Amino acid sequence: MHVPFNHLRRIGVNAANNGSDSAPEEEPLHERIEKLEALGLTRRQAEVAFWIAQGKTNDDLAIILSASHHTIPHHVEAILARLHLATRAEIMLSVLETLGWLRWPAKRQNGRTTIRAKP
């Protein structure tokens with residue numbers, strides 16, 4: 001599937017920095033994906049989780065990853081099951097914490113993710 005560059009820009013993907021809205025001097029996208037794979041995710045699940053953490057919708061993910069919009073929910077469900085999470089918000093927190101982007105580290109309690117301030 002060919003994705004028009006203007007549409008990628010509309011959904012917040014900048015080709016100049018490997019699809020990230022962050023500064024180009026940060027680690028490349030493939031290194032971020034490898035960190036997420038270390039959680040036990042497949043490559044594709046890691047990519048989906050990364051983009052969920054960027055606030056992308058399932059339709060956005062289908063475009064970014066050149067996948068069917070019917071496939072994305074299956075990846076999301078697999079991520080939730082593999083990481084023992086319940087919501088997309090928990091996926092986001094888990095990814096942000098794993099990548100070291102979370103200012104207030106998430107803490108798992110009773111199977112739920114909570115936010116706590118650093119002492």
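Among contacts in the protein chain (heavy atoms within 4.5 Å) between residues at least 6 apart in sequence, 45% join residues at least 24 apart. Welcome to this structure, which is a predicted model: local features need pLDDT of at least 70, side-chain atom pairs count only at pLDDT 80 or more, and totals for chains, interfaces and linings use all residues. Residues are numbered from 1 along each chain as its sequence is written, and side-chain values use heavy atoms, leaving out hydrogens and water.

**The whole chain**

- The protein chain holds 6 helices and 2 strands; these are DSSP runs numbered from the N terminus, with helices being H or I of at least four residues and strands E of at least two.
- Read from the N terminus, the elements follow the order α-α-α-α-α-α-β-β.
- Of the 119 residues in the protein chain, 39% count as buried; buried means under 20% relative accessible area, exposed over 50%, and partly exposed in between, with a 1.4 Å probe and protein chains only.

**Helix α2 and its buried side**

- Helix α2 spans residues 29–37, and R32, I33 and L36 are buried in it.
- These residues cover an arc of only 100 degrees around the axis, so they lie on the same side of α2; the arc is that of the directions from the helix axis to the C-beta atoms.
- An α-helix has 3.6 residues a turn, so residues three or four places apart point the same way.
- The buried residues of α2 pack against α3 (43–53) and α6 (88–98).

**How α2 meets α3**

- The axes of α2 and α3 come within 9 Å and cross at roughly 110 degrees; axes are lines fitted to C-alpha atoms, for helices over the stretch in contact, and angles run from 0 to 180 degrees between N-to-C directions.
- That makes α2 roughly perpendicular to α3, a term for angles of 65 to 115 degrees.
- On the α2 side, the contact is made by L29, H30, R32, I33, E34, L36 and E37, and on the α3 side by R43, A46, E47 and F50.

**A look at N58**

- N58 sits in helix α4 (residues 58–64).
- With a relative accessibility of 24%, N58 counts as partly exposed.
- Leaving aside residues up to four places away in sequence, N58 touches I72, P73, V76 and R88.
- N58 and T71 are 13 residues apart along the chain, and their C-alpha atoms are separated by 9.2 Å.

Methods
Parallel < 35°, antiparallel > 145°, perpendicular 65-115°, else oblique.
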